[in-house]
Amino acid sequence: MTQGKEMAFNEIYSRFSARIYWFFYQRINQNGVRAEDLTQDLFLKLIEKSDSYKENKCFKAWIYTIANNMCKNEYRRIKTKETHLRLRDIDISRLINKDVANLGKVYDHKLFSKRLRIELDKLCQKYSTTFILRHEHGLSIKAIAEIMSCPEGTVKSRLFFAIKQLSGNLETFKSIKL
């Protein structure tokens, strides 16, 4: 690898490695070791297949497309939807500022995040992945359409369906006394 390519790779790695790890972590049953392995594999693929990137395309969409395809391959390897749908806890310490003064809000946020994760796991994989790419990774509708290999209208309808399902299920949860 030339000096210029190495510098470019290091820049890409520093910008995307944490986000890609988090994407794998969320999609692969919060298995940190496996997410780390997949992240490293993805960056090896970037080196090996750098020629497959088309300069007129969005780089962020390209890298998430590779990550999403790797998840699909991982699901096939696991060969069971039950493993994919296993309930997961969110490491709330990463999501909530540790300086939060009101513990009640922290607890409520933790409960909501856990319940959101449970409800996301109940959705079909294409709906939950679309929701996560949009709302947790901040990707555009266009980028998600590229990643999911579907029209933008399909992405919008999947998001609408996911939000409608989640809001209904979470509204029911809200009325339950713990």
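## Close-up views of pockets and charged pairs

View 1. Arg117 is buried, its relative accessible area being 2%; here buried stands for under 20%, exposed for over 50%, and partly exposed for what falls in between (1.4 Å probe, protein chains only). Its partner in a salt bridge is Glu136, with the closest N and O atoms 3.1 Å apart. Arg117 sits in helix 6 and Glu136 in the loop between helix 7 (125–135) and helix 8 (141–148), so the pair ties together parts that are 19 residues apart in sequence. Glu136 is partly exposed at 30% relative accessibility. A salt bridge is counted when a side-chain nitrogen of Lys or Arg lies within 4 Å of a carboxyl oxygen of Asp or Glu.

**About the model.** This is a predicted model, in which local features need pLDDT of at least 70 and side-chain atom pairs count only at pLDDT 80 or more, while totals for chains, interfaces and linings use all residues. Residues are numbered from 1 along each chain as its sequence is written, and side-chain values use heavy atoms, leaving out hydrogens and water.

View 2. Glu119 is buried, at 1% relative accessible area.

**View 3. Glu11 pairs with Arg15 in helix 1.** In this salt bridge the closest N and O atoms are 2.8 Å apart. The two residues are four apart in helix 1, about one turn of the helix. Glu11 is partly exposed at 37%, whereas Arg15 is exposed at 52%. In total, the structure holds five salt bridges.

**View 4. The largest pocket holds about 290 Å³ of space**. Which residues come closest to its centre? Of the eleven lining residues, they are Lys5, Phe9, Leu46, Ile47 and Ser50. A pocket is an open set of points on a 1 Å grid over the protein atoms alone, where a 1.4 Å probe fits, with protein on both sides within 12 Å along at least five of seven lines; lining residues have an atom within 4 Å of a point. Volume is the space filled by probe spheres set on the points, which are joined across faces, edges and corners. Helix 1 supplies the largest share of the lining, four residues.
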